Structures are given as C-alpha cells and as structure tokens.
Amino acid sequence: MSTIKNHVQLVGNVGQEPTITNLENGKKVARLSLATNENYKDTNGEKQTDTNWHTVVAWGKVAEIIEKYVTKGKEIGISGKLKTRTYETESGITRYVAEVEANEILLLGSK
C-alpha cells in the first residue's frame, strides 16, 4: 500500500462541453465536469440514484485528447490525483476548491 498515496479513478458522464485553454507556452489545459452515479435501494426497496459531480482538470496531451474526442454526455474513465487549490473572492473571502487532476483518460461511451 505504500505506493498508493493520492490516486483517483472515476468513470462517469461529462456534464457539459469541456473548456479548453491554450496557454502562452503552447500547452493546453482542459476543464470538465464529470457525473458519477451510485445506485442503491432505499428502505422501501425503491431504486435510488445518487449523483456526484467532480471537476476534472487535465494538462498537455490529455487535454489535447479531451479537446479532440470528449463532448457533453460522453462516458469516460479518468485516472489522476486529488488536488486542492485556494483563491480569494473580490470581497476577500478565501475559497477552497477540490479538483481531480487527470493524467490518463479512457474513452468509453459512443456519444
């Protein structure tokens, strides 16, 4: 277990068209929202779905693949690590954001 430090794997559907930014150094960064669903039965035996939304960020070659092949609704798998960043709002409030930094992507669905 000593090699498993900060590793995230998710399979889900892209919630909106990815945003691609071209940086001054020629690299690309992609941002997208990924929905993952957990299905279970409640106490009455009714099927329920719990959806979680994840912000995914990818750099370089992975961002280029996202730009070329990933669209809203597409099912993808990603592997990466959890990163937390902070920023300050205009009113001086510090906000914390957790994101998944993807270093691999697997194209699954046919959308």
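Q: Is lysine 28 buried, partly exposed or exposed, and how is that read from its relative accessible area?

A: A residue counts as buried when its relative accessible area is under 20%. In this predicted model, lysine 28 has a relative accessible area of 16%, so this residue is buried.

Q: With which side chain does lysine 28 meet in a salt bridge?

A: Side chains of opposite charge can pair when their charged atoms come close. Here the partner of lysine 28 is glutamate 67, with 3.1 Å from N to O. The two belong to distant parts of the chain, 39 residues apart: lysine 28 lies in strand β3 (residues 28-41) and glutamate 67 in helix α1 (residues 60-69). Glutamate 67 is partly exposed, at 40% relative accessibility, whereas lysine 28 is buried.

Q: How many salt bridges are there by this rule?

A: The count is five. Another of them joins arginine 31 to glutamate 99, whose closest N and O atoms are 2.8 Å apart. This pair also links distant parts of the chain, since arginine 31 is in strand β3 and glutamate 99 in strand β6 (residues 94-107), 68 residues apart.

Q: Which residue forms a salt bridge with glutamate 101?

A: Glutamate 101 pairs with lysine 83, and their closest N and O atoms are 3.7 Å apart.

Q: How many positive and negative side chains does the protein have?

A: The protein has 15 positive and 14 negative side chains. The centres of these two sets lie 5 Å apart.

Q: Which residues have the most contacts inside the largest nonpolar core?

A: They are Leu32, Leu34, Ile66, Ile76, Ile78 and Ile105, within a core of 17 residues. At least two core residues come from each of β1 (8-14), β3, β4 (47-59), α1, β5 and β6.

Q: Which residues does leucine 32 touch, apart from those up to four places away in sequence?

A: Leucine 32 touches Val14, Pro18, His54, Thr55, Val56, Ile66 and Ile76. Two of these, Ile66 and Ile76, are also listed among the core residues with the most contacts.

Q: What share of contacts between residues at least 6 apart joins residues at least 24 apart in sequence?

A: The share is 58%.

Q: What share of the residues is buried, and what is the accessible surface of the protein?

A: Of the 111 residues, 31% are buried. The accessible surface is about 8,000 Å², and carbon and sulfur atoms account for 46% of that area. The C-alpha trace spans about 55 × 40 × 35 Å along its principal axes.

Key: Residues numbered from 1 in each chain as written. Predicted model: local features only at pLDDT ≥ 70, side-chain atom pairs only at ≥ 80, totals over all residues. Heavy atoms only, no water. Salt bridge = Lys/Arg side-chain N within 4 Å of Asp/Glu carboxyl O. Helix = DSSP H or I, 4+ residues; strand = E, 2+ residues; numbered from the N terminus. Buried < 20%, exposed > 50% of the residue type's maximum accessible area, 1.4 Å probe, protein only. Contact = heavy atoms within 4.5 Å. Areas by Shrake-Rupley, 256 points an atom, 1.4 Å probe, with all protein chains shown as cover. Lys, Arg positive; Asp, Glu negative; His and termini not counted. Charge placed at Lys NZ, Arg CZ, Asp CG, Glu CD. Core = buried A, V, L, I, M, F, W, Y, C linked by side-chain atoms within 4.5 Å.
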